[in-house]
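Here is a short briefing for a first look at this structure. Start with the sequence and the model below, then read on by topic.

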Amino acid sequence: MTEEWAEGTLLRRTFARPAFHAAPITIELGAGYTTLVPDPHRIVIHNPWVGYEVTITSDGAEVIE
């Protein structure tokens, strides 16, 4: 797994298994994710291993205590 960060914000996670799959699974976190702002509002998951892409959107996060 690798992560792509910019200015303290997580933008993308990539999961690779080169011995088994040519293309990695990627999770793109829209505007990004930080521990201070843990709601990226839009997440796109690309999974070429089983052939799908899904987009998840939210209107906001609610803190669960």
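**Strands, salt bridges and surface**

Strands β3 and β4 (residues 42–47) pair in the antiparallel sense over 3 bridges. Two strands count as paired if DSSP finds at least two bridges between them. Strands (E, at least two residues) and helices (H or I, at least four) are DSSP runs, numbered from the N terminus. This is a predicted model: local features need pLDDT of at least 70, side-chain atom pairs count only at pLDDT 80 or more, and totals for chains, interfaces and linings use all residues. Residues are numbered from 1 along each chain as its sequence is written, and side-chain values use heavy atoms, with hydrogens and water left out.

**Strand pairing**

- T26 stands opposite H46, which belongs to β4.
- β4 also runs antiparallel to strand β5 (residues 52–57), and 6 bridges join β4 to β5.
- N47 has its bridge partner in β5, namely Y52.
- The hairpin of β4 and β5 has 4 residues between the strands. There, G51 takes a positive phi near 80 degrees.

**Salt bridges**

- How many salt bridges are there? The count comes to 3. The rule asks for a side-chain nitrogen of Lys or Arg within 4 Å of a carboxyl oxygen of Asp or Glu.
- E3 and R13 form a salt bridge, at 2.7 Å from N to O. The pair links distant parts of the chain, 10 residues apart: E3 is in strand β1 (residues 2–6) and R13 in strand β2 (residues 9–15).
- E3 is partly exposed at a relative accessible area of 34%. R13 is partly exposed too, at 31%. Partly exposed lies between buried (under 20% relative accessible area) and exposed (over 50%), using a 1.4 Å probe and protein chains only.
- E4 meets R12 in a salt bridge, and the closest N and O atoms are 2.5 Å apart. E4 is partly exposed at 37%, and R12 is partly exposed at 26%.
- R12 also forms a salt bridge with E28, at 3.8 Å from N to O. E28 lies in strand β3 (residues 25–33) and R12 in β2, so this pair ties together parts that are 16 residues apart in sequence.
- E28 is partly exposed, with a relative accessible area of 27%. Through shared partners, salt bridges join E4, R12 and E28 into one network.

**A buried threonine**

- Is T14 buried or exposed? T14 is buried, with a relative accessible area of 18%. T14 lies in strand β2.
- Which residues does T14 touch, leaving out those up to four places away in sequence? T14 touches M1, T2, P24, I25 and T26. Contact means heavy atoms within 4.5 Å.

**A nonpolar surface patch**

- V50, Y52, V54 and I56 make a nonpolar surface patch of about 360 Å².
- Patches are made of residues with over 30% relative accessible area and no salt bridge; nonpolar side chains (Val, Leu, Ile, Met, Phe, Trp, Tyr) are joined within 5 Å, like charges within 9 Å. Accessible areas come from the Shrake-Rupley method with a 1.4 Å probe; for residues, only the protein chains shown count as cover.
- V50 sits in the loop between β4 and β5. V50 counts as exposed, at 61% relative accessibility.
- In a regular strand, side chains alternate between the two faces of the sheet.
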